[in-house]
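Welcome! Take a moment to look over the structure below, and then we will walk through its pockets and its aromatic rings.

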Amino acid sequence: MTNQPGGYPPQYPGYPPPPHQQGYPSYPPPGYEGYPPQQAAPQWPVQYEFSEQENKTIERCAAWAKALAVLNYVMAGLQVINLNIVGIIINVGIGIAFWRASKSLADVVETQGNDVQHLMSSLKSISAALMIRLVLVAVGLGLVLLVGLIVAVVFLAI
Amino acid sequence: MQNNPYEAPVADGGGGALATGRHEFSEAENKQIGETGKRSWLWGLVALATGVLGSIGLAVAFVFRGEFAQAGLDPNWVTIFIVAVLPFVAVNLLSGFFYMGAGNSLKAVVKTQGSDVQHMIASLSKLGSAFLIDFLVGTLMFVGSFALGVALAVYKPDFSVEEEGSTEESTAEEVEDFDD
């Protein structure tokens, strides 16, 4: 049996006729042009997600950054015995930077949806740790040059 | 069941669809990456320069060991110097190589397009190796200095230098001279 106009099921005996045959307005109403045209889904910024292989490399880097942080903390702890305040500050500073870098790198591996932000955060911390080291080298070189200059001036004067 | 085209995209916490494969870092991100790359390269240069200077020192010590001995320096000291400095030279050269490599890879992330993720992963791999070397060297130095400190405290070696003739005899001669 074929359907009736309007998509209604065939008229079976004993059942009432379809609504449009009973005087009710048909559906859809005349003039209705159908559903609005489909719109494209809104474009959200696409977040990059590192693959499993890439995560392995990041995890390794995180592990060694954490090891370095722990080493710096231990060195700072031992310098407490000597009351070497400068040494404590430097080691704690570098330790915190490496610890943060390690945490952010671990977050890249463990979480989803914010990999790039976590990666940027880790790079910022690594950059801070390297900056502390570079400043130390610069200060050390400056001191060596200063002492050398003083010694040269004193010996030349004598 | 059909998909709802108006449905919000599914993402965990980030508010965006997840992608793998290729990614191009934004300008702000490139700035941070470039800065880290510069510092990593510079630190690598410092380590490499230290390694090269140490190598020159080792070469001088090795080539002129005969002259040093003639000048009165115990040849054992030259050997001790070479054995002590050689590992640090090697480690500095290696560490410098990895840090500079990481810096170059980070710079490549900023300068090139289409391979940002590959360069980033390469830089993280090299940084991981550099951190490993730093950790091993730091631990060795820490354990070595701790062991040396304990050894000095336990054995209390006598470092005082006794000059020839500076014994009781010479003291007696001095007393006699004073009496005269």
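## What counts as a pocket

A pocket here is an open set of grid points with protein on both sides within 12 Å along at least five of seven lines. Its volume is the space filled by probe spheres set on the points. Please keep in mind that this is a predicted model.

## The second largest pocket

The second largest pocket holds about 230 Å³ of space. Which residues line the second largest pocket? From chain A come A:M75, A:L78, A:Q79, A:I81, A:N82 and A:N91, and from chain B come B:F142, B:S145 and B:F146.

Helix α1 of chain A and helix α4 of chain B each give at least two residues to this lining. The most come from α1(A), with 5 residues. Sorted by class, the lining of the second largest pocket has 5 nonpolar and 4 polar residues, and no charged ones.

## The largest pocket

The largest pocket has a volume of about 730 Å³, and 22 residues line it. Nearest its centre lie A:R133, B:W43, B:D134, B:V137 and B:M141. The lining of the largest pocket divides into 14 nonpolar, 6 polar and 2 charged residues.

## Aromatic pairs

Now to the rings. Over all chains, the whole structure has 7 aromatic pairs. One of them brings together A:F98 and B:F131: their ring centres are 5.1 Å apart and their planes stand at 80°, so the pair is edge-to-face. Because A:F98 sits in helix α2 of chain A and B:F131 in helix α4 of chain B, this pair joins two chains.

Are these two residues buried or exposed? A:F98 is buried at 1% relative accessibility, and B:F131 is buried at 0%. Another pair is B:F97 with B:F98, whose centres lie 5.5 Å apart with planes at 65°, so these rings are edge-to-face. B:F97 is exposed, with a relative accessible area of 56%. Ring pairs also link A:F98, B:Y99 and B:F131 into a cluster.

## Lysines over rings

Two tryptophans have a lysine over the face of the ring. In chain A, A:K66 lies over A:W99, 5.3 Å from the ring centre. In chain B, B:K107 lies over B:W41, at 4.5 Å from the ring centre.

Methods
Residues numbered from 1 in each chain as written. Chains lettered and ligands numbered in written order. Predicted model: local features only at pLDDT ≥ 70, side-chain atom pairs only at ≥ 80, totals over all residues. Heavy atoms only, no water. 1 Å grid on protein atoms, 1.4 Å probe; cavity = no way out; pocket = protein on both sides within 12 Å on 5 of 7 lines; lining within 4 Å. Nonpolar A, V, L, I, M, F, W, Y, C, P; charged D, E, K, R; others polar. Helix = DSSP H or I, 4+ residues; strand = E, 2+ residues; numbered from the N terminus. Phe/Tyr/Trp six-rings, centres within 6.5 Å; stacked < 30°, edge-to-face > 60°. Buried < 20%, exposed > 50% of the residue type's maximum accessible area, 1.4 Å probe, protein only. Lys NZ or Arg CZ within 6 Å of the ring centre and 35° of its normal.
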